[in-house]
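Please look at the structure first and then follow the sections below.

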Amino acid sequence: MAHILIVGGHDETFRMIEDLPVELSVFQNSESVTARQTRRAHRLCVFDYRNQTEALCMARALHEVQPVDAVVSFTEHGLMPAAVIKEALGIKGNTLEAVRLTRDKIAMREHMAGRDFGAVLTRSCHSASEVRSFLRAVGGPIVVKPAAGSGSSGVFRVSSLDQVESAFARSRGEYPGPTLVEEFIDGPEYSVESFSTDGRHDIIAVTHKTTTGPPRYIETGHLMPAVIAASALAEIRGLVTDFLNSIGHSFGPAHTEVRFGPFGPRIIEGNTRPGGDFIWELVLRAMGRDLVRESICHLAGLPPQSRTPGRGAGCVAFFAYENVVIERVQGIEAARRAEGVIRLQCSLEPGQHLGPLRSSADRQGVIVAVGTDLGDAERRLADAQAQIRVDTSPLPR
């Protein structure tokens with residue numbers, strides 16, 4: 001059997017590959033270890049795998065005892081350690097350069113600057129005065145965000161000079177480190193889910209995103225597949241394919257975020273992993289593509305697995321209350337049993353005091369529904385939401 005090292009991961013990851021004939025070693029942090037992982041792993045190493053030096057030392061020791069054939073991570077913070085291990089041991093996995101460029105937003109913008117991806121004005125700023133200078137130069141709204149952030153943490157839309165000081169300080173306070181500012185692309189937001197094999201990119205779906213809007217644009221829902229004109233869809237597919245080629249992404253899933261502005265689609269961010277926010281589940285249940293299983297089979301040299309046909313479409317809606325006190329929550333179990341609902345998680349409880357949404361981590365749950373087409377999936381989601389009643393009162397000042 002092939003020996004595969006997985007860096008990080010959740011129970012869903014291990015459930016998808018439970019029956020595959022592979023020897024599995026796992027690097028995991030202490031708070032994420034579960035009984036399922038313990039049962040599935042041949043070797044389980046528990047430590048803070050985000051420390052790349054320690055992760056590489058552990059991998060070298062493991063490789064000496066039982067040579068590792070491939071390394072992979074499907075989680076945000078495991079991508080760089082896995083790529084470093086791949087390069088150092090000379091084994092299969094995501095290339096270090098592709099991961100580096102997508103994890104560091106400043107590096108990605110510098111990489112794209114000399115290529116024909118459509119201009120997005122951007123600058124790395126170290127002070128509020130530099131942000132003000134950039135806003136004046138752009139002459140319109142800009143986005144301030146951490147260079148290595150995730151989950152909308154530290155992201156702000158800035159439209160006027162008097163907003164700069166607060167946005168810069170709050171962005172740095174929520175996610176210390178280099179700050180990226182870029183022009184705001186006004187238009188609908190999409191993500192593109194893909195799978196690459198030997199440098200060939202299979203575009204699986206384009207997903208439409210809904211957000212809270214300014215200033216933070218925290219995601220509140222997803223629709224797959226997006227309803228979009230054929231010409232715009234072709235532009236998006238071509239742009240993402242060119243982008244993945246340019247960064248050298250040759251293997252595995254990718255999740256690329258795009259805005260379609262007045263001058264066409266523009267790359268906002270790229271990720272060499274499946275889409276989060278349960279987009280991976282839409283890909284699985286609506287499109288019939290198990291990206292984790294496909295990745296492990298490819299790395300292990302196993303024959304392609306038979307695919308379960310997808311339902312055709314799906315949607316995600318998050319519980320995203322803010323600045324309220326939760327008085328009463330009813331109908332959760334009824335909604336969970338609604339036709340087409342494949343996941344419902346809700347942490348709302350009476351007595352909760354909910355402040356402002358600062359990142360995706362502040363949302364209180366999710367409903368995922370699938371159907372034969374997008375209209376069907378949306379109807380099923382709406383039917384589930386109609387079962388739920390949440391009474392709130394204003395948050396005391």
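## Burial and the cysteines

A residue is called buried when its relative accessible area is under 20%, exposed when that value is over 50%, and partly exposed in between. Cys125 has a relative accessibility of 0% and therefore counts as buried, and Cys297, with a relative accessible area of 4%, is buried because this value also lies under 20%. As for bonds between cysteines, the predicted model holds zero disulfides.

## The parallel sheet

Four strands, in the order E3-E2-E1-E4, make up an open sheet in which the pairing is parallel. Strand E3, residues 43-46, and strand E4, residues 70-72, stand at the edges with a single partner strand each, so one side of each is left without a neighbour in the sheet. Direction ignored, neighbouring strands here are turned against each other by 15° on average.

Within this sheet, strand E1, which covers residues 3-7, pairs with E4 in the parallel sense over three bridges, and the bridge partner of Ile6 in E4 is Val72. Helix H3, residues 52-65, packs on the sheet and touches E1, E3 and strand E2 (23-28), its direction making about 155° with that of E2. Together with helix H2, residues 35-40, strands E2 and E3 make a right-handed β-α-β unit.

In soluble globular proteins, nonpolar side chains tend to be buried together. The largest nonpolar core has 34 residues, of which Ile4, Ile6, Ile17, Leu24, Val72 and Ile296 touch the most other members. Helix H11, residues 291-300, gives the most to this core, with six residues. When neighbours within four places in sequence are left aside, the contacts of Leu24 are Ile4, Ile6, Phe14, Ile17, Arg40, Ala41, His42 and Arg43.

Which residues does Ala70 touch, not counting residues up to four places away in sequence? They are His3, Ile4, Leu5, Ile91, Lys92 and Leu299. Ala70 has its place in strand E4 and is buried, with a relative accessible area of 0%. Its C-alpha atom is separated by 38 Å from that of Leu121, a residue 51 places apart from Ala70 along the chain.

## The antiparallel sheet

Another open sheet has four strands in the order E5-E8-E6-E7, with antiparallel pairing. Here strand E5 (122-125) and strand E7 (156-158) stand at the edges, and each has a single partner strand, so one side of each is left without a neighbour in the sheet. From one strand to the next, the twist averages 25°.

Three bridges pair strand E6, residues 142-146, with E7 in the antiparallel sense, and Ile142 stands opposite Val158 in E7. Helix H7, residues 128-138, packs on this sheet, where it touches E5, E6, E7 and strand E8 (179-183), and its direction makes about 165° with that of E5. Helix H8, residues 164-174, lies across E5, E6, E7 and E8 as well, running at about 165° to E7.

## Cis peptides and positive phi angles

Pro214 and Pro215 are joined by a cis peptide bond with omega of about 5°, and Pro215 is placed in the loop between strand E10 (200-211) and strand E11 (219-224). A cis peptide bond also joins Met224 and Pro225, with omega of about -5°, and Pro225 lies in the loop between E11 and helix H9 (230-247).

The loop between E10 and E11 also holds Tyr217, which has a positive phi of about 55° although it is not a glycine. Asp198, likewise not a glycine, has a positive phi of about 50° and lies in the loop between strand E9 (189-197) and E10. Are these two residues buried or exposed? Asp198 is exposed, because its relative accessible area is 56%, whereas Tyr217, at 16% relative accessibility, counts as buried.

Terms used:
Residues are numbered from 1 along each chain as its sequence is written. This is a predicted model: local features need pLDDT of at least 70, side-chain atom pairs count only at pLDDT 80 or more; totals for chains, interfaces and linings use all residues. Side-chain values use heavy atoms; hydrogens and water are left out. Two strands pair if DSSP finds at least two bridges between them. Helices (H or I, at least four residues) and strands (E, at least two) are DSSP runs, numbered from the N terminus. Axes are lines fitted to C-alpha atoms, for helices over the stretch in contact, and angles run from 0 to 180 degrees between N-to-C directions. Contact means heavy atoms within 4.5 Å. A crossover is right-handed if, with the strands pointing away from the viewer, the path from the first strand over the helix to the second runs clockwise. A disulfide is a pair of cysteine sulfur atoms within 2.5 Å. Buried means under 20% relative accessible area, exposed over 50%, partly exposed in between (1.4 Å probe, protein chains only). A nonpolar core is a set of buried Ala, Val, Leu, Ile, Met, Phe, Trp, Tyr and Cys residues joined through side-chain atoms within 4.5 Å.
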